Amino acid sequence: MAFLRIFSIVLSLAGLSGFYYMMVLRHDSPQRTLGKDFKMPDVRLHYTPALLYNTYEEAGETGRPLMRLYWLYDFGLIICLLGVMIAVSANIVSSQTWVYPLMVWLTVARTLVDILENSLFLYFLRHFPDYHTGVARFAGVVTTGKHLLLFAWLFLLFMMLFLKAFGIG
């Protein structure tokens, strides 16, 4: 059982690293090809429909297929991050406490919201240059929700680490 647990953690971390490399670090990665100043919308806390549309416009004819590739890689990153977050939760918090199920719920919810976010971006990309204000506005809300779920999980993680450091948790 311990071997399986370690193997799943290593596999999740390797996948997380590999997908991040493909998305951002590789010399012909979507992020590097689009340039240092180019910001993918999913890294922002929130954005307006106009900003989302401008991002797609700024990417141009050659950049939009790279954005699609970025989000396809991101689906793999999302799943690997799910594994890492659950593993971290299990190693920091006892499954007998009220915090553990909450951390797992936040992790799963963040994952589902992230998948929805990528799906909305791909939808918007598929229909570009048509301007779908409602979809773009909803995507902005979904992105904010994804970040808030991650922040809530991180808050619980650091709270538990703090409590453990003083022998409370």
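**Exercise 1. The largest pocket**

Task: For this predicted model, determine how much space lies in the largest pocket and which residues are closest to its centre.

Solution. 
1. The largest pocket holds about 380 Å³ of space.
2. Its lining consists of 20 residues. Those closest to the centre are Val43, Tyr70, Asp74, Leu77 and Lys146.
3. By residue class, the lining comprises 12 nonpolar, 6 charged and 2 polar residues.

**Exercise 2. Helices around the pocket**

Task: State which helices each supply at least two residues of the lining of the largest pocket, and which helix gives the most.

Solution. 
1. The protein chain contains 5 helices and 0 strands, arranged along the sequence as α-α-α-α-α.
2. At least two lining residues come from each of α1 (2-25), α3 (49-92), α4 (99-127) and α5 (133-165).
3. The greatest contribution is that of α3, with 5 residues.

**Exercise 3. A nonpolar surface patch**

Task: Identify the residues that form a nonpolar patch on the surface, and decide whether leucine 4 counts as buried or exposed.

Solution. 
1. The patch is formed by Phe3, Leu4, Phe7 and Leu11, which together have about 470 Å² of accessible area.
2. Leucine 4 belongs to helix α1.
3. The relative accessibility of leucine 4 is 54%. Exposed means over 50%, so leucine 4 counts as exposed.

**Exercise 4. The chain as a whole**

Solution.

Methods. Residues numbered from 1 in each chain as written. Predicted model: local features only at pLDDT ≥ 70, side-chain atom pairs only at ≥ 80, totals over all residues. Heavy atoms only, no water. 1 Å grid on protein atoms, 1.4 Å probe; cavity = no way out; pocket = protein on both sides within 12 Å on 5 of 7 lines; lining within 4 Å. Points joined across faces, edges and corners; volume = space filled by probe spheres on them. Helix = DSSP H or I, 4+ residues; strand = E, 2+ residues; numbered from the N terminus. Nonpolar A, V, L, I, M, F, W, Y, C, P; charged D, E, K, R; others polar. Patch = residues over 30% accessible without salt bridge, like charges linked within 9 Å, V, L, I, M, F, W, Y side chains within 5 Å. Areas by Shrake-Rupley, 256 points an atom, 1.4 Å probe, with all protein chains shown as cover. Salt bridge = Lys/Arg side-chain N within 4 Å of Asp/Glu carboxyl O. Buried < 20%, exposed > 50% of the residue type's maximum accessible area, 1.4 Å probe, protein only.
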